[in-house]
Amino acid sequence: MKQAIVPSVFDLDQAMAAWRSRLLERQNCDASDAVELGGHLLDEIERLRALGLSTEEAFWVACKRLGDPIALSADFAKI
């Protein structure tokens, strides 16, 4: 008997927490920097959702546009 494939439910809060965690891994950013960058990420997600993307699609596109969290953290170290 074949098992039905159940699509996973995307949890934006969980995805954002993981994104912030990666940002803070290198300790080049502090919590306030992570909050600010997270705000930019959420703004982009909402903009993309308004264009018709699903929450999950919008999250991944916004992440790509904002940049890898570890690279962003390294940029903060330079500042």
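## Helices, buried faces and a pocket

The secondary structure of this protein comes to four helices and zero strands, and the model described here is a predicted one. Read from the N terminus on, the elements follow the order α-α-α-α. Of the 79 residues of the protein, 28% count as buried. Among the contacts with a separation of 6 or more, 57% are accounted for by residues 24 or more positions apart.

**Helix α2**

Helix α2 has 20 residues, and the distance from its first C-alpha to its last is 28 Å, close to the 28 Å expected at 1.5 Å a residue. Its buried residues are Asp 33, Ala 34, Leu 37, Gly 38, Leu 41, Glu 44, Ile 45 and Leu 48. Seen down the axis of α2, these buried residues fall within an arc of 125 degrees, so they line one face of the helix. On the other side of α2, the exposed residues are Val 35, Asp 43 and Ala 50. Just after α2, Gly 52 takes a positive phi of about 110 degrees.

Val 35 has its place in helix α2, while Ala 74 lies in helix α4, which covers residues 69–78. Val 35 counts as exposed because its relative accessible area is 59%, and the cut-off for that class is over 50%. Ala 74 has a relative accessible area of 35% and is therefore partly exposed. The C-alpha distances to the partners are given below.

| Pair | Separation in sequence | C-alpha to C-alpha distance |
|---|---|---|
| Val 35 and Arg 20 | 15 residues | 8.1 Å |
| Ala 74 and Gln 27 | 47 residues | 9.1 Å |

**Helix α3**

The twelve residues of helix α3 (residues 55–66) should span 16 Å at 1.5 Å a residue, and the end C-alpha atoms are 16 Å apart, which agrees. Within α3, the residues Ala 58, Phe 59, Ala 62 and Cys 63 are buried. These four cover an arc of only 130 degrees around the axis, which puts them on the same side of α3. What covers the buried residues of α3 includes α1 (12–24) and α2 (31–50). The face turned away from this buried side carries the exposed residues Trp 60, Lys 64 and Arg 65. Just after α3, Gly 67 takes a positive phi of about 115 degrees.

**The largest pocket**

Which residues line the largest pocket? The lining is made up of Ala 15, Ala 18, Trp 19, Arg 22, Phe 59, Trp 60, Cys 63, Gly 67, Asp 68 and Pro 69, and the volume of this pocket is about 160 Å³. Both α1 and α3 supply at least two residues each to the lining, and α1 gives the most, with four residues.

Methods:
Residues are numbered from 1 along each chain as its sequence is written. This is a predicted model: local features need pLDDT of at least 70, side-chain atom pairs count only at pLDDT 80 or more; totals for chains, interfaces and linings use all residues. Side-chain values use heavy atoms; hydrogens and water are left out. The expected span of a helix is 1.5 Å times one less than its number of residues. Buried means under 20% relative accessible area, exposed over 50%, partly exposed in between (1.4 Å probe, protein chains only). The arc is that of the directions from the helix axis to the C-beta atoms. Contact means heavy atoms within 4.5 Å. On a 1 Å grid over the protein atoms alone, a cavity is a set of points where a 1.4 Å probe fits but cannot get out, and a pocket is an open set with protein on both sides within 12 Å along at least five of seven lines; lining residues have an atom within 4 Å of a point. Grid points are joined across faces, edges and corners, and a volume is the space filled by probe spheres set on the points.
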